[in-house]
Amino acid sequence: MQDIRKEDIPKLILCIITCQGAGILGSVFTNMSVSTWYPTLAKPWFTPPNGFIPAVWILIFTLMGLSLFLVWRESSVRPEARVAIYVFALQLVVNILWSAAFFGLKSPSAGLIVIALLWIMILLTIFKFWRISRWASILLAPYILWVSFAAYLNYALMVLNP
């Protein structure tokens with residue numbers, strides 16, 4: 001991995017802010033029902049404690065921003081980096097849509113459909129990033145692992161709350 005140069009810092013900050021911004025947009029939907037509807041749901045034993053999930057997302061969105069930065073700085077010399085960035089942007093939109101489906105619509109079923117699509121989009125992003133920067137791809141590993149867990153939790157919530 002190349003060192004981050006001083007002139008790269010604004011681009012790095014923009015990438016992290018972009019990803020954190022997606023988290024903030026998603027939280028608009030989450031806040032619609034996280035303290036009203038969500039507490040009424042029957043939950044599986046492995047549900048994380050309150051406060052844990054937002055902390056994990058902050059870390060994951062930061063890693064995503066760093067990953068995006070590593071690919072973006074290659075985009076001027078590697079045309080495939082632009083395609084990879086578009087795929088990344090699409091999965092970021094689907095990430096926001098999961099919050100809209102699960103919390104906004106108060107629908108674990110809709111959430112499960114969206115999170116399955118999100119998982120596929122993350123995997124595609126990882127493959128696209130791998131060709132450009134292995135580090136960028138590796139930085140997305142916690143993301144797909146967390147979304148895998150979240151998908152299982154989403155499924156369990158759907159089953160427990162028909």
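Colleague: Is the crossing of α1 and α3 left-handed or right-handed?

Modeller: Keep in mind that this is a predicted model. In it, the crossing of α1 and α3 is right-handed.

Colleague: Which residues of α1 and α3 make the contact?

Modeller: On the α1 side they include Cys19, Ala22, Leu25 and Phe29; on the α3 side, Phe88, Leu92, Ile96 and Phe103 are among them. By class, the contact of α1 with α3 has 10 nonpolar and 6 polar residues, with no charged ones.

Colleague: Why does Val56 count as buried?

Modeller: Val56 has 15% relative accessibility, and buried means under 20%, so Val56 counts as buried. Val56 sits in helix α2 (residues 52–72). Its C-alpha atom is 8.4 Å from that of Trp146, 90 residues apart along the chain.

Colleague: Which residues touch the most other members of the largest nonpolar core?

Modeller: Of its 50 residues, those are Met64, Val71, Phe88, Phe102 and Tyr143. Helices α1, α2, α3, α4 (108–130) and α6 (141–160) each supply at least two residues, and α3 gives the most, with 12.

Colleague: What does Met64 touch, not counting residues up to four places away in sequence?

Modeller: Met64 touches Cys19, Phe88, Gln91, Leu92, Leu140 and Tyr143.

Notes
Residues are numbered from 1 along each chain as its sequence is written. This is a predicted model: local features need pLDDT of at least 70, side-chain atom pairs count only at pLDDT 80 or more; totals for chains, interfaces and linings use all residues. Side-chain values use heavy atoms; hydrogens and water are left out. A crossing is left-handed if the near helix is turned anticlockwise from the far one by less than a right angle, and right-handed if clockwise. Helices (H or I, at least four residues) and strands (E, at least two) are DSSP runs, numbered from the N terminus. Contact means heavy atoms within 4.5 Å. Ala, Val, Leu, Ile, Met, Phe, Trp, Tyr, Cys and Pro count as nonpolar, Asp, Glu, Lys and Arg as charged, and the others, Gly among them, as polar. Buried means under 20% relative accessible area, exposed over 50%, partly exposed in between (1.4 Å probe, protein chains only). A nonpolar core is a set of buried Ala, Val, Leu, Ile, Met, Phe, Trp, Tyr and Cys residues joined through side-chain atoms within 4.5 Å.
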